[in-house]
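Here is a short report for a first look at this structure. Keep the sequence and the 3D view at hand while reading.

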Amino acid sequence: MEINIKLFASLRDLFGRSEIHIEYDQEITARKVWDDINDGFFEGDILVAVNKTYAPLDKQLCDGDEVAFFPPVTGG
């Protein structure tokens, strides 16, 4: 199963790239993907979207899904 990952805002700068592609041979969640790529780089809350729709981190993923990670957003 191939998962396409996109990183936005400060995450893109922190990881040094905006896209990552990972192959999995089992069912996974967005949280598992985040844990696999993060490896302690970013601590704190994270927002996730699966196929351009906000989703919880426990969202089950399917082959070809696009998973986007965003740092918390504030503003007014």
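## Around Trp34

Leaving aside neighbours within four places in sequence, Trp34 is in contact with Leu11, Phe15, Phe42, Ile46 and Phe69. Contact means heavy atoms within 4.5 Å.

This is a predicted model: local features need pLDDT of at least 70, side-chain atom pairs count only at pLDDT 80 or more, and totals for chains, interfaces and linings use all residues. Residues are numbered from 1 along each chain as its sequence is written, and side-chain values use heavy atoms, with hydrogens and water left out.

## The nonpolar core

Trp34 is among the residues with the most contacts inside the largest nonpolar core, which has 21 residues. Buried means under 20% relative accessible area, exposed over 50%, and partly exposed in between (1.4 Å probe, protein chains only).

Two or more residues come from each of β1 (2-7), α1 (10-15), α2 (30-38), β3 (47-50) and β5 (66-70). Helix α2 gives the most, with four residues. Helices (H or I, at least four residues) and strands (E, at least two) are DSSP runs, numbered from the N terminus.

## The buried side of α2

Which residues of α2 are buried? They are Ala30, Val33, Trp34, Ile37 and Asn38. They lie on the same side of α2, because they cover an arc of only 115 degrees around the axis. The arc is that of the directions from the helix axis to the C-beta atoms. The buried residues of α2 pack against β1, α1, β2 (19-23), β3 and β5.

## Strand β3 and its partners

Strand β3 runs antiparallel to β5, and four bridges join them. Here Val48 has Phe69 of β5 as its bridge partner. Strand β3 is also antiparallel to β4 (residues 53-55), with three bridges. Ala49 is partnered by Tyr54 in β4. Two strands pair if DSSP finds at least two bridges between them.

## Positive phi in the loops

Most residues other than glycine have a negative phi. Asp39 has a positive phi of about 50 degrees although it is not a glycine. Asp39 sits in the loop between α2 and β3. At 67% relative accessibility, Asp39 is exposed.

The hairpin of β3 and β4 has two residues between the strands, and Asn51 takes a positive phi near 55 degrees. Lys52 belongs to the loop between β3 and β4. Phi of Lys52 is positive too, near 70 degrees. Lys52 is exposed, with a relative accessible area of 71%.

Key. Core = buried A, V, L, I, M, F, W, Y, C linked by side-chain atoms within 4.5 Å.
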